[in-house]
Amino acid sequence: MDNIIVAKELVFEYVSHNEQGEIDSRYRAINGVDLDVKEGEFIVVLGHNGSGKSTLAKHINALLNPTKGTLLVKGLDTSKEENIWEVRQTAGMVFQNPDNQIIATIVEEDVAFGPENLGVESSHIRERVDESLKVVGMTKYKNHSPNKLSGGQKQRIAIAGVLAMRPKCIIFDEPTAMLDPSGRKEVMKTVEKLNREEKITIVHITHYMEEAINADRVIVMEKGKIILQGTPKEVFVNVELLKEIGLDVPQMTELAYYLRKEGIDVRKDILSIDEMVDELCQLK
């Protein structure tokens with residue numbers, strides 16, 4: 001599989017200026033990140049606030065340009081102005097607050113907004129809207145007002161709006177942060193379905209550990225650097241390191257960690273309730 005995203009020695013600094021226009025301070029949010037994401041991969045990026053994960057996400061969609069280094073999307077340098085349009089068609093973005101992405105008063109009109117801006121023919125827009133709403137399970141709400149939907153439903157409409165532009169990759173920047181557990185669950189089901197059935201590359205930024213369990217690869221960021229990456233099992237066995245930097249681990253991984261401390265010989269890479277039940281049954 002080809003790489004759809006490639007970051008090389010990526011650095012980004014937020015710079016503040018004083019009243020005279022001189023540089024007052026610099027804050028390095030990304031500090032020498034190398035990253036390859038293959039087409040069709042489901043990547044989860046974890047880190048506490050200020051770790052650099054959302055800043056990295058904004059580079060993939062060319063909302064921010066590198067201070068140093070490069071970030072390529074489908075071979076296109078995101079820092080070059082002439083590439084921005086194509087980069088954003090290739091890599092769509094879903095933000096934390098769906099209200100910031102929903103602009104129309106009717107659901108299907110909102111989903112049609114992106115393809116219209118791309119200059120897609122009217123007959124094809126209708127087809128894209130219908131397909132996108134079907135994928136996110138919101139077809140029956142197409143004539144509703146988005147304002148009357150739940151948080152999870154609004155986020156699925158925001159996802160449909162990005163999907164209608166036919167991106168190869170979607171970046172989710174903490175899309176479940178403002179949702180209740182039920183809303184988080186329905187959005188994550190949609191995200192996983194996009195990857196599994198629609199073969200869309202997913203880069204999912206989150207601080208909820210349970211949302212990383214089904215990822216192909218988990219990346220952990222701290223102080224602008226990638227400090228851990230691997231499969232969910234490979235990453236979450238590092239319980240003490242993750243807790244040191246202020247992150248949790250999935251509940252069943254944590255339970256396995258404490259059981260082992262008490263001398264109960266269970267696997268340390270358990271992620272789910274089903275795995276834990278199987279493991280405990282074998283101890284009898």
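This is a predicted model: local features need pLDDT of at least 70, side-chain atom pairs count only at pLDDT 80 or more; totals for chains, interfaces and linings use all residues.
**Reading helix packing and nonpolar cores**

Colleague: At what angle do the axes of helix 5 and helix 6 cross?

Modeller: Axes are lines fitted to C-alpha atoms, for helices over the stretch in contact, and angles between N-to-C directions run from 0 to 180 degrees. Here the axes of helix 5 (residues 151-163) and helix 6 (residues 181-198) come within 8 Å and cross at roughly 20°, which means that helix 5 is roughly parallel to helix 6.

Colleague: Which residues of helix 5 and helix 6 meet?

Modeller: From helix 5, Gly152, Gln153, Gln155, Arg156, Ile159 and Leu163 meet Gly183, Glu186, Val187, Thr190 and Leu194 of helix 6, contact being heavy atoms within 4.5 Å. By class, this contact holds 4 nonpolar, 5 polar and 2 charged residues.

Colleague: At what angle do helix 3 and helix 4 pack?

Modeller: Helix 3 (residues 107-117) and helix 4 (122-135) pack at about 120°, with their axes 9 Å apart, and they are therefore oblique to each other. Angles under 35 degrees count as roughly parallel, over 145 as roughly antiparallel, 65 to 115 as roughly perpendicular and the rest as oblique. The contact joins Val107, Glu108, Val111, Ala112, Pro115 and Glu116 of helix 3 to Ile125, Arg126, Arg128, Val129, Ser132 and Leu133 of helix 4, and it comprises 7 nonpolar, 1 polar and 4 charged residues. The buried residues of helix 3 (under 20% relative accessible area, with a 1.4 Å probe and protein chains only) pack against helix 4 and also helix 5.

Colleague: Which residues have the most contacts inside the largest nonpolar core?

Modeller: In soluble globular proteins, nonpolar side chains tend to be buried together. In this model the largest nonpolar core has 48 residues, and those with the most contacts inside it are Ile170 and Phe236; its largest share, 5 residues, comes from helix 5. Ile170 touches, among others, Val162, Leu163 and Leu194. Another core, of 29 residues, lies apart from it, with Val37, Ile43, Leu76 and Val87 among its members.

How values were computed. Residues are numbered from 1 along each chain as its sequence is written. Side-chain values use heavy atoms; hydrogens and water are left out. Helices (H or I, at least four residues) and strands (E, at least two) are DSSP runs, numbered from the N terminus. Ala, Val, Leu, Ile, Met, Phe, Trp, Tyr, Cys and Pro count as nonpolar, Asp, Glu, Lys and Arg as charged, and the others, Gly among them, as polar. A nonpolar core is a set of buried Ala, Val, Leu, Ile, Met, Phe, Trp, Tyr and Cys residues joined through side-chain atoms within 4.5 Å. Buried means under 20% relative accessible area, exposed over 50%, partly exposed in between (1.4 Å probe, protein chains only). Lists of a residue's contacts leave out its neighbours within four places in sequence.
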